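Visitor: Before we start, could you walk me through this one and tell me what stands behind each label you use?

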Amino acid sequence: MPIHVSLPAQLAEMAGGAEEMALEGGTIGAVLEALAHTHPPFRTLLWARDGHLNPVIVYFVNGQQI
């Protein structure tokens, strides 16, 4: 099932200008992996060097910060 992803304008540039897209994934982690696979610049932005999610990025699911 595709998951709707919205990106703020600053990040949309990294996705070729797309502010919205549909990605496949059963978990948030899978959707983030799909985003990084489709748009490789996101890999170094979304994950810190230690492999954990980058703490400076704020994630929302259905309008709720996670």
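Guide: Helices (H or I, at least four residues) and strands (E, at least two) are DSSP runs, numbered from the N terminus. This is a predicted model, where local features need pLDDT of at least 70, side-chain atom pairs count only at pLDDT 80 or more, and totals for chains, interfaces and linings use all residues. Residues are numbered from 1 along each chain as its sequence is written, and side-chain values use heavy atoms, with hydrogens and water left out.

Visitor: What covers the buried residues of helix 2?

Guide: The cover includes strand 1 (2-6), strand 2 (20-24) and helix 3 (41-46). Helix 2 itself spans residues 28-38, and its buried residues are Val31, Leu32, Ala34, Leu35 and Ala36. Buried stands for under 20% relative accessible area, exposed for over 50%, and partly exposed for what lies in between (1.4 Å probe, protein chains only).

Visitor: How many helices and strands are there in the chain, and in what order do the elements run from the N terminus?

Guide: There are three helices and four strands, and they run β-α-β-α-α-β-β.

Visitor: What makes the chain as compact as a globular protein of that length?

Guide: Its radius of gyration is 11 Å, close to the 11 Å that the globule rule gives for 66 residues, so the chain is as compact as a globular protein of that length. The radius is taken over C-alpha atoms, and the rule is 2.2 Å times the number of residues to the power 0.38. Along its principal axes, the C-alpha trace spans about 30 × 25 × 20 Å. Of the 66 residues, 27% count as buried.

Visitor: Why is His39 called buried?

Guide: His39 has a relative accessible area of 17%, and the cut-off is under 20%, so the label buried applies. His39 is found in the loop between helix 2 and helix 3. Leaving aside neighbours within four places in sequence, His39 is in contact with Met14, Ala15 and Met21.

Visitor: And why is Asn62 called exposed?

Guide: Its relative accessible area is 78%; the label asks for over 50%, so Asn62 is exposed. Asn62 is found in the loop between strand 3 and strand 4 (64-65). It also has a positive phi of about 50° although it is not a glycine. Most residues other than glycine have a negative phi.

Visitor: How do you know that the side chains of Glu33 and Arg43 meet in a salt bridge?

Guide: Their N to O distance is 3.2 Å, and a salt bridge is a side-chain nitrogen of Lys or Arg within 4 Å of a carboxyl oxygen of Asp or Glu, so the pair qualifies. Glu33 lies in helix 2 and Arg43 in helix 3, so the pair ties together parts that are 10 residues apart in sequence. The structure holds one salt bridge. The C-alpha atoms of the pair are separated by 7.9 Å. Glu33 counts as partly exposed at 36% relative accessibility, and Arg43 is partly exposed with a relative accessible area of 36%. Beyond neighbours within four places in sequence, Arg43 is in contact with Glu33, Ala36 and His37.

Visitor: Which residues touch the most other members of the largest nonpolar core?

Guide: Val5, Leu7, Met21, Leu23, Leu35, Phe42 and Leu46 do, out of 15 residues in that core. Strand 2, helix 2 and helix 3 are the elements that give two or more residues to this core, and helix 2 gives the most, with five residues. A nonpolar core is a set of buried Ala, Val, Leu, Ile, Met, Phe, Trp, Tyr and Cys residues joined through side-chain atoms within 4.5 Å. Phe42 touches Leu7, Leu11, Met14, Ala15, Leu35 and Ala36, not counting residues up to four places away in sequence. In soluble globular proteins, nonpolar side chains tend to be buried together.

Key:
Contact = heavy atoms within 4.5 Å.
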